[in-house]
Amino acid sequence: MNLRLVRDRAARRGFQALTVLCCVLVLPILGGLAIRSGPVLKTQPLWRVLFSSDWSPTQGQFGLLPFLAGTVYVTLLAMLIAVPVSLLTAIFLSEYASRRVCRCVLPLVDVLSGIPSVIYGVWGTLLIVPAVSALAGLGGSYSSGYCLLSGALVLSVMVCPFIIHVAREVLAAVPRGVREASLSLGAGKWQTVKRVVLRRAFPGIVAAVVLGLSRAFGETIAVLMVVGNVPVVPRSLFDPAYPLPALLANNYGEMMSVPLYDSALLFAALALLVMVVAFNLAAKAVLGLARSEAA
Amino acid sequence: MKSGRMDLRGLEETVMRGLMWLALCLVAGSLLLIVAVIAIRGLPSLSLAMLTQTPRGGYYLGKEGGILNAIVGSLYLGAAATGVALAIGLPVVLYINLYARSSGLTARMVRFSMDVLWGIPSIVYGAFGFIVMTAVGLRASLGAAIVTVSLFELPIMVRAMDEVLRLVPREIGEASASLGATRLETAWRVIVRQAMPGLITATLVAFGRGIGDTAAVLFTAGFTDRIPTSPGQPAATLPLAIFFQLGTPFPEVQGRAYAAAAVLTFLVLGVSLLARFFAGRFARNTVK
């Protein structure tokens, strides 16, 4: 009898300790990266590191602008492709599709989101890169195909299942009665979706898009494999780009051999972390606001 | 006039419906296209030798050998990291659903923290693993990769398990408590058993994400042609093997990268099917 109680109490303490650990886990990650990126910030001011395009590690110049620009361009372009496609799919699945279609399609979306990113990368080099190269050829310019557009296309396929998933949940949370009221007033199906359902679900959909954006921001391997990796600010769709995560992944090997190089790269990781966390917090705030408004 | 407006409305409806079908076909089609391209390019290079041998001398120049080292490395890494994540994650999920109030401050803080961690890209986990590794003087090894990947899997697992446990009716726990069971006994023998298929699904999902991830192990796993025999040794994983082999200029080696990609794809699809199977069983198990 006693032993049971002792065991129960011990388990409770243990569980509690692990729970506290889980609550603060992000702090050592943030702290560790901040400490290690300190040295580079001591030699150059923050704005110089972020907005100078002079990247020559051997000369001690660490301007991250080309990489930041690469990340932003690839991500925004990918979202431009992914957002309409995923929203239309989500609307179809929640408003139009029969239960049978849903049962066929939803597992596919799940599977798509479970495919490892290196597989997306292999697929990109096999299919997207030659296609984009051919497309550039049609337009009368030459491109190897390893460029901004290829990265964005691969990335957009990767974030689609993710946005669909969140958007569908948001649409499903819109009460049935709202739709029925609109239909009973003589509105058509699409009119109801456009004027009533989407308006009601708007904050949630914004959150879905922001969450997808933050996913796309940090995606590394698949983009790295198709995007070309040349550290200049890209000027056209067919120019190579060099996103921040790719910079990290490509240079981990030599970063200990050049002074301050490791510090600059870990600062890049810190910048990535801060941006992604900020996106997530913003999405959460929007969702929370929407929920309190609905209640 | 009125009928003209109606026509416009009908037209808009038809156009939007068409666009939705198009979007749906794009999404479903891209999945089929991925699996088809990987299978078509990968399967011809796939042979029994590739699955049963480790790389021999000159393998990366196109000579004999296989990717057994990467397959075994991935399975070791995935299993161990999932084990660690489970050992931390399950108690936490039980704690916030059974011990603390499920909508209380502790539970909210854990959920918030897990949402934040879930959003962190795996390359950042890799960089963090690298910092920890250098700080304690470890070299890139299976052990370091296990720690990094378990961190990466933890939020995926906790979020999925939390959803599962929230669906278990409170009354079951109350009934168990009224029979004199301690909370630990209730948690372990009643709640976990009731939610078992769902918990297995969550574990498998995390396992699938763990073995498929490249960026987190790029810094931490090292890469070797040998099968690791202890956590202190470097290890190869399938995603790394694909990534490195694709980087070589030799067509034979690239062909093997495609074959390795096919192996990884089928492995992950298999895990995902298994997860769906258990999820289906959980749906049958739920008390409404």
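## Terms and model

Helices (H or I, at least four residues) and strands (E, at least two) are DSSP runs, numbered from the N terminus. This is a predicted model, in which local features need pLDDT of at least 70, side-chain atom pairs count only at pLDDT 80 or more, and totals for chains, interfaces and linings use all residues. Residues are numbered from 1 along each chain as its sequence is written, chains are lettered from A and ligands numbered from 1 in the order in which they are written, and side-chain values use heavy atoms, with hydrogens and water left out.

## A pair within one helix

Helix α9 of chain A (residues 176–184) holds both A:Glu180 and A:Arg176. The two are four residues apart, about one turn of the helix. They form a salt bridge, with the closest N and O atoms 3.4 Å apart. A salt bridge here is a side-chain nitrogen of Lys or Arg within 4 Å of a carboxyl oxygen of Asp or Glu.

A:Glu180 is partly exposed, at a relative accessible area of 44%. A:Arg176 counts as exposed, at 63%. The classes are set by relative accessible area: buried is under 20%, exposed is over 50%, and partly exposed is in between (1.4 Å probe, protein chains only).

## The interface of chains A and B

In chain B, 76 residues are in contact with 76 residues of chain A. Contact means heavy atoms within 4.5 Å. The area buried between chain B and chain A is about 7100 Å². Carbon and sulfur atoms give 78% of that area. Buried area is the accessible area (1.4 Å probe) that two parts lose on being put together, summed over both. In chain B, the residues that lose the most area to chain A are B:Met20, B:Ile34 and B:Tyr95. Together they account for 9% of what that side buries.

Across this interface, 15 residue pairs are in polar contact (both at pLDDT 80 or more). A polar contact is a pair of N or O atoms within 3.5 Å; within protein, one must be able to donate a hydrogen and the other to accept it, and residues adjacent in sequence count only if both atoms are side-chain atoms. Helix α1 of chain B (residues 2–42) gives the most to the side that touches chain A, with 20 residues. That side of chain B divides into 55 nonpolar, eleven polar and ten charged residues. Ala, Val, Leu, Ile, Met, Phe, Trp, Tyr, Cys and Pro count as nonpolar, Asp, Glu, Lys and Arg as charged, and the others, Gly among them, as polar.

## Salt bridges between the chains

The whole structure has twelve salt bridges over all chains. Between chain B and chain A the count is four. One of them joins B:Arg276 and A:Asp110 at 3.1 Å, N to O. B:Arg276 lies in helix α12 (residues 251–285) of chain B and A:Asp110 in helix α6 (residues 99–114) of chain A, so the pair joins two chains. B:Arg276 is partly exposed at 37%, and A:Asp110 is partly exposed at 37%.

Another salt bridge pairs B:Asp115 with A:Lys284 at 2.6 Å, N to O. This pair crosses from helix α4 of chain B (residues 105–119) to helix α13 of chain A. A:Lys284 is partly exposed, at 35% relative accessibility.

## Domains of chain A

The assignment for chain A gives domain 1 (2–36) and domain 2 (38–294). Such bounds come from an automatic or database domain assignment. The C-alpha centres of the two domains lie 33 Å apart. Six residues of domain 1 are in contact with nine of domain 2. The area buried between them is about 670 Å², of which carbon and sulfur atoms give 69%. In domain 1, A:Leu30, A:Leu33 and A:Arg36 lose the most area to domain 2, together 78% of what that side buries.

One salt bridge is found across this domain interface. A:Arg36 and A:Asp262 meet in a salt bridge at 3.0 Å, N to O. A:Ser263 is buried, with a relative accessible area of 2%. Its side chain has a polar atom 3.5 Å from the backbone oxygen of A:Ser37.

## Domains of chain B

Chain B is assigned domain 1 (2–45) and domain 2 (51–285). Their C-alpha centres lie 33 Å apart. They bury about 590 Å² between them, 81% of it on carbon and sulfur atoms. Between these domains the count is zero salt bridges and zero residue pairs in polar contact (both at pLDDT 80 or more).
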